[in-house]
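This briefing is intended for reading beside the sequence and the model.

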Amino acid sequence: MSDAAASPRGVKVDLGALWVAPPLIALAVLFLYPLALIAHAAVYDATDVVNLPAAWATLGSRAFVNALFNTAEIALAATAGSLALGLTLALIIAFVPFPGATFVARLIDTFIALPTFLATLAFTFLYGSAGVLNGALVQAFHLSDAPVHFLYSAWGVILAEVTVYSPFVLRPLLAAFSQVDRGQIEAASLLGARPWRIVRQIILPAALPAAIAGGSLCLLLTVNEFGIVLFIGAKGVITLPLLIYDKAIQESDYQAACVIAMVNVALSLGLFGLYRVAARRLGA
Amino acid sequence: MTLAAFVDEAATVSGAAELRGAASTVAFDRVSVAYRGAVVLKPLTLEVAAGEILAMIGPSGSGKTTALRAVAGFVRPAGGRIRIGGADVTDLPPYARGLAMVVQNYALFPHMRVFDNVAFGLHARHAPKALIEERVAHALEVVGMSQYARRLPRELSGGQQQRVAIARALAVRPKVLLLDEPLSALDAQIRRSMVEEIARLHAELPDLTILYVTHDQSEALTLADRIAILRDGALSAVGRTGDLYRRPPNRFSAEFLGRANLLPVVVESAADGSGLVAVRAGEERLVVAGADEPAGAARLLCVRPQNLTLAPDAAHANRIAGVLREIHWQGELTHLVAEVGGALLRVVATRLPTIPARGERLEMFFSPADASLIAEDADV
Amino acid sequence: MLVWSRSGKAMVWSFAALVIGVVFLAPLAVILAASFARQWNGVLPSGFTLEHYAEAGGGASGAAVFASLTTGVVASLVALISGAWAALALRAQGGGAARMLGVLFFVPSAVPSVSVGLGLLVAFSQKPLLLNGTTAIVVIAHFVLISAFSFGNVSAGLARVSPDFEEVASCLGATPAYRLRRVTLPLVAPYLFAAFGLSFALSMGELGATVMVYPPGWVTLPVAIFGLTDRGDIFSGAALTIILVGVTLLLLLGIERTSAIWAQARNG
Ligand SMILES: Nc1ncnc2c1ncn2[C@@H]1O[C@H](COP(=O)(O)OP(=O)(O)OP(=O)(O)O)[C@@H](O)[C@H]1O
Ligand SMILES: [Mg+2]
């Protein structure tokens, strides 16, 4: 008898493996098959004829290149911002705890459950041309025009994404910080180490895996973000997902939409692979 | 098990005896196990008699758990058959084998109260409610946990959880009880009392066959009728507990089961049928129990530390002289280490007339019946 | 324990309060305020009104609440069953193939929602499966997007259940079905509840795929909110957002309570 016989289910292994079939079929029909059809539609045009020049034209178009550039810029900046904000808050909540710190951590955590476009909508009231900030500035300095306009640029998207995605960094970091040996920190401060030195030499190394895992998840989510960009609706800020939406729904140019979708999916899967490797390597 | 079987057995006498299943043998017939090509249990042939406690001991990774899991049906042997009560169960799923098991961390179902934990196996076999009540009550009584029926596992101490795990196993009246290091999660003191408790339990349930896996040789020596010693996935020795301890068949079992002094000797004259053999260790001529030893053969003389005494008397006919190298007083016992012709011998003495000093010459005595001869390469 | 001095702590805390206030609390607060505001032209909103909520209570907005709730509950339930099924089957199977399949079940979480929607639109606008324009395609889109999270949650829960429990159960005579019902599922129950809660929250906020596939008669809350704000009716949009947040949080709280009550009842 072969070695396979040592598996717990023994001879029945072949039958037992069939149990996974129903959810697998659902996944294949509802997810993999549509994905394959996107790939198919990327090279066929509306008349169902292979049309590679059209696909190339889409990839070379200014709109696509701009969207790709915007997506990368926004994702990287938002991820960096989320890491900075998440790390700062995690450090304070974990190591300079204040009354109600755990409640605050939970509150921030609920942001994970809220729709992302909520941030954009709120920003409209806060930083929009008729919003709180501009209103205050106009009133204080007797200006005739609203002075703050960042909301309708890439910055608006980046800041909204930082608000929405920093909880995704905060959560694993808080988990990692709870494992840091408090005795070590106390010993270091007794030896006269300054706080920033303790942070750099003891806390950050311990938090690195969580930061990398949280950061790469952030990168993936920001590359895929749609709601925030759609709600801001600024002409100059088009990302890949938004361009796909525009091409498919506004222009009914399905081939172009599918070509861009292929690029976006490939980018996301690449990031997903990185995230899995990082998460596994670092055990986070 | 059928419903009729429950009703049937329910009508038997009360008390611990009620928890008895029909006694069963367990037989390994050339059972081997491999994980992804790596053989971790070499063809094992071993029989556990009905109503006996067989302890399976061996160092970590020697395949004890694997052998036990093969009986339970969690690993499928790569070869060989397993029989329980004479019936071939190799192809039966675990739940159809009529066994019960207690594992190292007890695995009490955390979401069930003690009562429901103990009732689990009976529920699973669709026993009638009245019978379940009765059986669970008895099982809890046997392990002294009746007052705790309404508790959750997390509200119990380690020792109490252990008792509940045993009660849960006994409640189904298993043909065979499998125990995998059931005491190793307990601290030393509770462990000792639990060993005694299991011994008492077995005295009350003489028909229960128990396969007891442990790497603690003192548990095995206390509880087992017979001991099987595994090494690197192979059976190194098996025998009645006392025999195996007194006359280990090879160096590995001698050293694994308690402490042993192994002194290289040469057989002087072939066995003469008296059951005694004369051997030479350096200058000394010694007489030990043994048979069929050819003259001139190199052997290891095995004698346990507590069988060496420092005072000569009629029974202790053999004398070895050495030099005292170490002496440790440990309250009840004194441990001495003496050097004899380059080899070190350990002596455990309960009482010493005079305390010898290091470097002093020491004479040690032992009885021929307390020593045995082991072939030098028996375990290779 | 990093900062010991009183003044140092006060400084750090005021900084934290400022950041948390500006970044997390202010957005929620302004949306809440706007949902009750008649006008907002200066620093503060002016005029208190329940009009926006009254509008939301009936008509199109009411239908959106219904569509979102229905989609969320149905998609989350299906995702929970499928995810739990897959996680259990892969655990029973074990080995390298099961690990690879496990990664496959995670992949939908990595693909941008707009692309998932586009794929469904392309795939189900043609034979053999014509679903375009039905409610089913919205539910399917949500199911695909949340399935990975359900699977992940249940898998994580199962990974924490020691195989000892299940082995002891089988040894005591439990058939696989009985063992699943009485041992495995109760042990992972907290993770099942959590999986459902997370799935539901994600579904309630889903926009990218929905906007690609929704039929006119099945407008979910996020799509309705986008419609309102796109038309410039941001106050009604704010009211509907508050309803969305409220419904989501209420259901999450409800699930948490149910989980706790259920755990108690189980032990009672
Ligand atoms: N599921 C498995 N897959 C691969 N190898 C395994 C598996 N289970 C056990 N082994 C290997 O089989 C050998 C025997 O393991 P087993 O658990 O039977 O040892 P043991 O005698 O019970 O040890 P211990 O005293 O440490 O419990 C070990 O080398 C172990 O690494
Ligand atoms: Mg073991």
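**Domains of chain A**

The domain assignment divides chain A into domain 1, covering 14–43, and domain 2, covering 51–283. The model is a predicted one, and the points below are grouped by topic.

- The C-alpha centres of domain 1 of chain A and domain 2 of chain A are 31 Å apart.
- In the contact between them, domain 1 of chain A takes part with 6 residues and domain 2 of chain A with 9 residues.
- About 580 Å² is buried between domain 1 of chain A and domain 2 of chain A, and carbon and sulfur atoms give 77% of this area.
- Of the area that domain 1 of chain A buries against domain 2 of chain A, 68% is supplied by A:Ile38, A:Ala42 and A:Val43, more than by any other three residues.

**Interface of chain A with chain C**

- The size of an interface is often expressed as the accessible area lost when the parts come together.
- Between chain A and chain C, about 7000 Å² is buried, with 83% of it on carbon and sulfur atoms.
- On the chain A side, the residues that lose the most area to chain C are A:Leu30, A:Phe31 and A:Phe125, which together account for 9% of what that side buries.
- The contact brings 80 residues of chain A together with 82 residues of chain C.

**Fold of chain C**

- Chain C contains 11 helices and 2 strands.
- Read from the N terminus, the elements of chain C follow the order α-β-β-α-α-α-α-α-α-α-α-α-α.
- The C-alpha trace of chain C spans about 70 × 70 × 35 Å along its principal axes.

**Ligand 1 and chain B**

- The residues around ligand 1 are B:Tyr35, B:Val40, B:Pro59, B:Ser60, B:Gly61, B:Ser62, B:Gly63, B:Lys64, B:Thr65, B:Thr66, B:Glu181 and B:His215.
- By class, this shell consists of 3 nonpolar, 7 polar and 2 charged residues.
- Helix H2 of chain B, residues 64–72, gives the most to the shell around ligand 1, contributing 3 residues.
- A polar side-chain atom of B:Thr65 is 2.5 Å from an oxygen atom of ligand 1, and a backbone N or O atom of B:Ser62 is 3.2 Å from an oxygen atom of the ligand.
- For B:Glu181, a polar side-chain atom lies 3.3 Å from an oxygen atom of ligand 1.
- Ligand 1 exposes 630 Å² when taken alone, and the protein buries 60% of that area.

Methods: Residues numbered from 1 in each chain as written. Chains lettered and ligands numbered in written order. Heavy atoms only, no water. Near = heavy atom within 4 Å. Polar contact = N/O pair within 3.5 Å; in protein donor to acceptor, adjacent residues only side chain to side chain. Areas by Shrake-Rupley, 256 points an atom, 1.4 Å probe, with all protein chains shown as cover. Helix = DSSP H or I, 4+ residues; strand = E, 2+ residues; numbered from the N terminus. Nonpolar A, V, L, I, M, F, W, Y, C, P; charged D, E, K, R; others polar. Domains from an automatic or database assignment. Contact = heavy atoms within 4.5 Å. Buried area = accessible area lost by both parts, 1.4 Å probe.
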